[in-house]
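Here's a quick look at how two chains in a model meet. Take a moment to bring up the structure before reading on.

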Protein chains: 6
Amino acid sequence: MNKSLTHVDSDGNARMVDVGAKAETQRLAIASGRIAMSAQALEAIRAGNAPKGDVLGTARIAGIMAGKKTSELIPMCHPLAIDAINVDFGFEEGAIRATATAAITGKTGVEMEAITAVSVALLTIYDMAKAFDKGMVIGEIRLIEKRGGKSGVWRAPDLER
Amino acid sequence: MNKSLTHVDSDGNARMVDVGAKAETQRLAIASGRIAMSAQALEAIRAGNAPKGDVLGTARIAGIMAGKKTSELIPMCHPLAIDAINVDFGFEEGAIRATATAAITGKTGVEMEAITAVSVALLTIYDMAKAFDKGMVIGEIRLIEKRGGKSGVWRAPDLER
Amino acid sequence: MNKSLTHVDSDGNARMVDVGAKAETQRLAIASGRIAMSAQALEAIRAGNAPKGDVLGTARIAGIMAGKKTSELIPMCHPLAIDAINVDFGFEEGAIRATATAAITGKTGVEMEAITAVSVALLTIYDMAKAFDKGMVIGEIRLIEKRGGKSGVWRAPDLER
Amino acid sequence: MNKSLTHVDSDGNARMVDVGAKAETQRLAIASGRIAMSAQALEAIRAGNAPKGDVLGTARIAGIMAGKKTSELIPMCHPLAIDAINVDFGFEEGAIRATATAAITGKTGVEMEAITAVSVALLTIYDMAKAFDKGMVIGEIRLIEKRGGKSGVWRAPDLER
Amino acid sequence: MNKSLTHVDSDGNARMVDVGAKAETQRLAIASGRIAMSAQALEAIRAGNAPKGDVLGTARIAGIMAGKKTSELIPMCHPLAIDAINVDFGFEEGAIRATATAAITGKTGVEMEAITAVSVALLTIYDMAKAFDKGMVIGEIRLIEKRGGKSGVWRAPDLER
Amino acid sequence: MNKSLTHVDSDGNARMVDVGAKAETQRLAIASGRIAMSAQALEAIRAGNAPKGDVLGTARIAGIMAGKKTSELIPMCHPLAIDAINVDFGFEEGAIRATATAAITGKTGVEMEAITAVSVALLTIYDMAKAFDKGMVIGEIRLIEKRGGKSGVWRAPDLER
């Protein structure tokens, strides 16, 4: 096994990978995560959501805007002219799930953009519902699927049927 | 029970809570989270960590800087003149745990600053180790403890002994 | 009359006013503006607004977030720990009106925060409705009222009854 | 008529348009707006402008820098590698007019960049002259012309001769 | 001698100093630096400066805005509600000198704000004059004076008369 | 001699150069600078550096992140999709030297990105060591080499052998 950490040089220093020689291809990444909460908080968001939808609406905007800021937040990420980032939500038993999709025509993938969008969308839900439940737990933040680039299609192995 | 979502007005619109009438007190928040990964990725970070410590060193800086940016990321958060944000890491079985502490002398708490610092520190580890393991999962992001302000001390109930 | 431009020194150079000697008082500013558009665009926003409210919901979030960024956008503005910024909308004949309120306990006013929030909320409406009507016109952006600080209460003279 | 709001999906949620399939073409946008003010404020800016030009000089820099930040301010805007943004001013009867031109070789237009640059340039004039006249009114912010992309040349219909 | 690096904990990790227990006092910092350049570049800036002053005018704005961004740029710096930052320029033999003054009523000093403002003002001059002279050299960036806080007045020893 | 300041139009106003007609080529820039300090501060960084390397590790991250922010800091710089920015350090007699390399496949050079990365890396060292030595001096910040674009290879003349 001869892999090494791509973001650390031979002396162990952090470094940005030079993507100058990579080809521009269409790339896509899908990430997901969830926030578990009390029945009361979940109900408040669902009901508050009914008339104007602002908790999830606000979380969606926050997630998209954070996805566009990924290279400002994650030190070794490249600034990217992304084609799109979108965020959706679903209600689960005792939790809300956020799923983000990021797309680019570029030299490097958009996994971090999708995962960052999911994370900040969930943090925003936490912020807006914390008066109800300070004990909410954010989890299962992960990459679901990735397309494009040299390595082709990747899907989270344990999620494959 | 007569609570309502503090960040949503009576028409369901998102709103920022006016903290003008609140007293300035010393406040503290501790948050934590973890990233589960393959033995190979964990070993690479631990070994890469030995000589110069850059994966966790970079994640620490990213977490602190993101904590300072919380009000730019989370729409209804107030811009705060925080006293400090710090991030620490620990190795667990198949995972790395990040813990962040945020402190302020102010009118509103710093829970979101601590949770945001933890989240971005873990996202940075993901970014720097993803060449080894795209299937890493970030989870257990939560508030551990909160001090100061009208509500006094709060500790995550299921973590209390 | 012996006033001079407070942001320009005696040589004509731009300068930031030093607010170090000012007292901290509660201050409030209300600003307003409108975007005129075709009946078709207005109807689309109103209808699109019905189920989930996202055009105005997105514009509200954008306005609040921009208000928090005022000192990054306007060169001579001070970074401020604002107490709150909020944005509301109203439908008028052939137009949508945005009104923003900003509050602070501080040494300097929040007029620019309120006016910036209104401006960016209206720009966001333009962006989201421009597929319908590229000819929309944004106007009547102005300060409506200002309270606190040495100069006390100010109301736009032509709007007083 | 079968158009729909391009930034809202079929459920009414805000979304970013995916521009991945669009061709890169040369695109240009021109926007304009004005700030009406008292004769005294106008004279102060004109005179202050004479020796060093800093009110309008500062407003020009603020407008250009804000134009580059458009995708941070307007939630559904794409981050763009713009070719140029420039801002000019003209004195009118009781007002100053700002005009911005933005250019790109890309998949999406730069209308929002031009309109944002105009808006923030005018906000900066407001900030720097508000000691003279709190009652200034910003208006007539609009797109004047747009070139490039699938829809070709567009000019504001009521401004055409 | 028992001092230690205040920004590094006992394990060598970077940390933010907690300023929660410090008193709020009036603090001031003055920093300076210079950019050496060819006679041709210097003359172009001086002449270009004559009618509208935009090279130095732009550098002044850039320096002030960067000073306000210091805590975003320097990882361990606290976000501060500064009272003022200003930048001035002087022509020297074969060089332009920039001097910045920063002031705050707060718990921590504003040295970094002043030094950052100087640095970015000089970088902006480099950018705007590099067509003339790519070989310009920026140097002598340093703290000149510091007032307020526990340590009182400090002046650069070798600059004292 | 018929050159003029490329960032100033014929009336002396600041302007962004339109790069729309330029070809995309591979471009590289190398910049360098140093911070002189007392033997005590140098020793503390070197020793503090031994176990975990955080002073220079933090400065490296700060430099890279600032390089990515160049177009936000320098008013007339274009937002660029850089391929890489990296920063290295070397110990000299009474000083630490920082060297940054920036690369892009684009229409305009990355000199400013490299010089900005060097400057902010050195400012970060100042911040983290200032408890030891407030009299540190940053200097010799300059472009060392530039490749690509119409003007081909440039090397600092006085550094050529």
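What follows is a short tour of the interface between chain F and chain E.

## Ground rules

This is a predicted model, where local features need pLDDT of at least 70, side-chain atom pairs count only at pLDDT 80 or more, and totals for chains, interfaces and linings use all residues. Residues are numbered from 1 along each chain as its sequence is written, chains are lettered from A and ligands numbered from 1 in the order written, and side-chain values use heavy atoms, leaving out hydrogens and water.

On chain F, 54 residues are in contact with 54 residues of chain E (contact means heavy atoms within 4.5 Å). About 4,700 Å² is buried between the two chains, with carbon and sulfur atoms giving 69% of that. Buried area here is the accessible area (1.4 Å probe) that two parts lose on being put together, summed over both.

## Charged links and who takes part

The rule finds two salt bridges across this interface (a side-chain nitrogen of Lys or Arg within 4 Å of a carboxyl oxygen of Asp or Glu). One of them joins Glu72(F) and Lys69(E), at 3.0 Å from N to O.

Among the elements that give two or more residues to chain F's side are α1 (39-52), α2 (54-68) and α4 (111-129) of chain F. The most comes from α4(F), with twelve residues. Helices (H or I, at least four residues) and strands (E, at least two) are DSSP runs, numbered from the N terminus.

## Strand to strand

Strand β4 (residues 137-147) of chain E pairs with β4(F) in the antiparallel sense, over two bridges (pairing needs at least two DSSP bridges between the strands). Within β4(F), Ile138(F) is the bridge partner of Ile141(E).
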